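Have the 3D view ready as you read.

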Amino acid sequence: MEIPSKYDPKRVEEHWYAYWSEHDYFSSKPDEREPYTIVIPPPNVTGVLHMGHMLNNTIQDVLIRRARLLGKNACWVPGMDHASIATEAKVVAKLKADGVDKSKLSRDEFLKHAWDWTNEYGGVILQQLKKLGCSCDWERTKFTMDDDMSASVIKVFVDLYNKGLIYRGYRMVNWDPEAKTTLSDEEVIYEERQGNLYYLSYAIEDSDEKVTIATTRPETILGDTAICINPNDERYHHLRGKKAIVPISGRVIPIIEDEYVDVEFGTGCLKVTPAHDENDKNLGDKHGLDVVDIFNEDATLNSFGLHYEGKDRFVVRKEISKELEEKGFLVKTEQHTNKVGTSERTKAVIEPRLSDQWFLKMENLSKPALDGVLETKDVKLYPSKFDNTYRHWMQNIRDWNISRQLWWGQQIPAYYYGDGKEDFVVAETAEEALELAKAKKPELQLSDLRQDPDVLDTWFSSWLWPISVFGGILEPENDEVNYYYPTNDLVTGPDILFFWVARMIIAGYEYRGKRPFENVYLTGLVRDKQRRKMSKSLGNSPDALKLIEDFGADGVRVGLLLSSAAGNDLLFDEALCQQGANFANKIWNAFRLVKGWEVADIPQPEAAQKGIEWYKAKFNQTLVEIEDHFSKYRISDALMATYKLVWDDFCSWLLEIVKPEYQKPIDQKTYNEVLALFEENLKLLHPFMPFLTEEVWQHIAERTPEDALIVSQWPDAKEVDSALIADFDFASEVISGVRTIRKEKNIPQKDALELFVLNAEGVDSDMDAIIIKLGNLSRLETVDASLDGALTFRVKSNEYFIPMSGAIDVEAEIAKITEELNYTKGFLKSVEKKLSNERFVNNAPEQVVEMERKKAADAEAKIETLEKSLASLQ
């Protein structure tokens with residue numbers, strides 16, 4: 001094949017991805033090999049590729065491609081999450097744009113629209129992942145709403161209910177008024193916001209006295225059912241047993257006593273609104289208070305909101321505070337900062353709301369998962385700093401609110417057969433439910449059953465993901481789950497360590513008696529170079545697909561990984577992608593250079609032989625380092641070690657050592673060995689840069705599909721010759737010394753120089769051939785004494801001399817050094833004058849004086865060097 005002059009990422013990426021797919025390199029079936037399994041953190045079906053996905057999936061692809069090269073049966077299962085809240089919101093918005101109101105549709109009609117939307121727009125992100133080079137087993141693609149996946153979720157719900165772990169309870173929950181559903185505690189984000197503290201005056205019944213109460217939410221006074229004082233607060237002893245009148249509504253409410261009240265906060269009096277605050281609800285239960293809910297499900301006020309009925313809560317807050325002021329109930333307002341709960345999905349401010357919901361008891365269920373990470377280390381988190389986060393969450397775990405007031409998702413398999421709250425049965429099908437219900441009410445028909453309208457929390461399906469993708473819930477002993485489970489590595493973000501990771505571990509121990517994965521690699525957040533989190537609202541998140549178009553997939557992959565350390569936030573800069581693209585071009589040009597050499601049957605030069613021996617040793621040393629990085633999930637460090645090996649050691653050193661003289665051929669042995677080493681480099685690079693490496697690999701030689709790089713073999717680490725590497729490092733310093741003198745004295749590389757070394761004890765002359773070639777030396781000899789009239793440099797204890805006669809204009813060099821010497825002496829004199837001034841030394845800041853002393857010392861050292869150089873030339 002003809003080698004193009006320029007590397008064309010777009011053509012290469014399309015060609016090789018199609019080739020890999022055509023030959024089924026990504027597919028996996030159980031066999032006698034060791035399995036290596038990753039399940040993708042399923043992106044939302046609504047999702048498109050963003051920088052977080054790019055990082056996360058690049059890391060997964062690196063791991064899976066390396067496992068394939070290691071000869072393992074690599075299986076990467078892709079898929080998508082149905083994302084109840086996000087998807088339902090998108091479908092509702094689309095219907096609204098089309099003039100359709102969800103409330104006018106039946107459940108089945110709405111679900112048809114949801115499936116139409118999913119089939120049209122869903123899965124875009126999976127197609128985009130192919131552009132990045134992700135080598136997923138696409139035939140295994142799963143969706144959390146697939147029939148078998150939904151059946152798994154329902155089976156688990158019924159099982160947990162039968163074990164007494166799922167219950168229905170009337171509780172205070174987090175209500176998202178925009179999505180009109182409950183949220184679990186973990187789906188609520190708390191933000192500090194600036195608001196007001198309103199001081200309101202409540203009249204005491206049958207008295208002229210008033211009591212002042214502070215609240216951040218004046219609209220909720222319409223739901224007040226008591227005022228509470230601390231029994232130890234002497235200021236309010238006289239109010240015991242009395243009643244107060246709620247402003248505006250005029251309702252009469254009792255004054256109760258409880259030590260819960262903080263006498264230091266506000267006025268020491270607390271309004272109690274049991275329907276709209278969890279702590280108030282607890283107080284209400286304790287004291288038998290009424291519960292008055294003033295909100296509709298969309299957080300507009302209901303009939304208990306009086307003349308504010310139908311208005312939004314935040315509109316009412318402004319209007320009622322104005323009314324309170326006009327009627328003399330508002331004493332004063334103060335600015336107040338408090339934490340406000342918002343919905344992770346819709347960003348709406350959460351309302352505490354009393355509601356009948358389904359809960360999963362977590363305390364005992366979570367114990368094996370707590371021990372598995374922190375005690376037995378059955379599951380390891382990378383970096384381990386997240387162990388403490390995990391411990392805190394798991395030791396403070398609360399029952400999981402698993403029901404959602406939505407239609408998109410797995411409908412809860414509870415069937416009501418009567419009017420009472422407890423008149424229900426739980427079963428996998430309506431037919432099974434009827435049989436259970438008939439035991440309580442024999443005359444029942446199927447049509448008498450009414451299924452609970454709520455669906456399950458999306459996480460209640462994805463917590464089964466590593467098991468359910470292999471059919472392990474429906475068929476616990478099937479060949480696939482027994483072969484692939486437990487999986488090996490999970491790559492995800494720390495923001496879902498509890499939402500998803502911890503819950504998968506819980507489900508793994510409960511349903512397989514085993515961990516779901518061995519290692520959890522937690523990536524950081526992708527931030528811009530100003531350390532801001534990337535987001536659409538800030539406009540600082542680049543278009544992921546455009547980056548691939550501009551820099552090539554390999555360039556973007558390298559750019560992402562160069563700036564990414566496990567668990568630390570990634571400071572992304574497009575310049576890193578340019579660096580990745582430059583690296584790809586460097587490798588391409590190095591390959592074209594080698595393939596462009598004419599080959600002849602001539603003896604191998606000593607320099608080439610020694611250079612190849614050294615590079616093999618260096619390769620083995622780096623391979624050991626890379627293996628160590630991979631074992632500790634330091635993926636970016638593994639890439640950096642590979643990058644330096646290829647760019648510095650291979651391209652900058654080895655190719656220069658073996659390169660034939662201008663218009664002369666290279667010997668066959670060296671050529672073959674260099675290409676073989678190039679192939680070994682490509683194997684190390686392939687997980688990071690799959691497209692470029694496959695392209696170069698296929699150009700090196702004719703290959704059958706069985707010989708493709710993607711299914712070749714990862715190099716075996718051999719014993720490292722450390723002495724050889726040390727000798728070369730010494731030789732490279734000598735070469736650098738020669739090159740520095742050439743640069744400083746403007747001596748062309750084509751002009752040969754002589755080099756003499758004093759005190760050459762312990763230097764291996766094996767490297768002389770390399771020093772002679774790369775330094776372009778006509779001779780390299782050891783001497784017993786210093787040479788006059790020569791320029792010098794040192795490498796460790798050795799002193800090197802380059803005679804200058806003929807190579808430079810000695811008179812001009814003397815004049816140049818003399819001028820520099822005089823200038824430096826003058827500079828030293830001015831600094832010494834300043835330091836001899838007592839006022840300056842005594843009054844100037846210590847660091848300023850110290851800096852001047854350093855200037856003097858540096859100038860003295862420079863004068864000594866210049867005088868030595870001058871003496872050698874005269």
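How many bridges join β15 to strand β23? In this predicted model, 3 bridges join the two strands, and they run parallel.

**The sheet**
- Strands β15, β23 and β22 make up an open sheet of 3 strands in the order β15-β23-β22, and the pairing is parallel.
- At the edges you'll find β15 (380–382) and β22 (489–492), each of which pairs on one side only.
- From one strand to the next, the twist averages 20°.

- Searching the whole structure turns up 40 aromatic pairs.
- Take F583 and W647: their ring centres are 6.1 Å apart and their planes sit at 25°, under the 30 degrees cut-off, so this pair counts as stacked.
- F583 belongs to helix α18 (residues 574–595) and W647 to helix α20 (residues 635–658), so the pair ties together parts that are 64 residues apart in sequence.
- F583 is buried, at 0% relative accessible area, while W647 is partly exposed at 24%.
- Ring pairs also link up a cluster, with Y7, W588, F591 and W614 among its members.

**Charges over rings**
- K130 has its charged end over the ring of W138, 4.9 Å from the ring's centre.
- K834 lies over the face of F840, at 5.8 Å from the ring centre.

Terms used: Residues numbered from 1 in each chain as written. Predicted model: local features only at pLDDT ≥ 70, side-chain atom pairs only at ≥ 80, totals over all residues. Heavy atoms only, no water. Phe/Tyr/Trp six-rings, centres within 6.5 Å; stacked < 30°, edge-to-face > 60°. Helix = DSSP H or I, 4+ residues; strand = E, 2+ residues; numbered from the N terminus. Buried < 20%, exposed > 50% of the residue type's maximum accessible area, 1.4 Å probe, protein only. Lys NZ or Arg CZ within 6 Å of the ring centre and 35° of its normal. Pairing = 2+ DSSP bridges. Axes fitted to C-alpha atoms, helices over the stretch in contact; angles between N-to-C directions.
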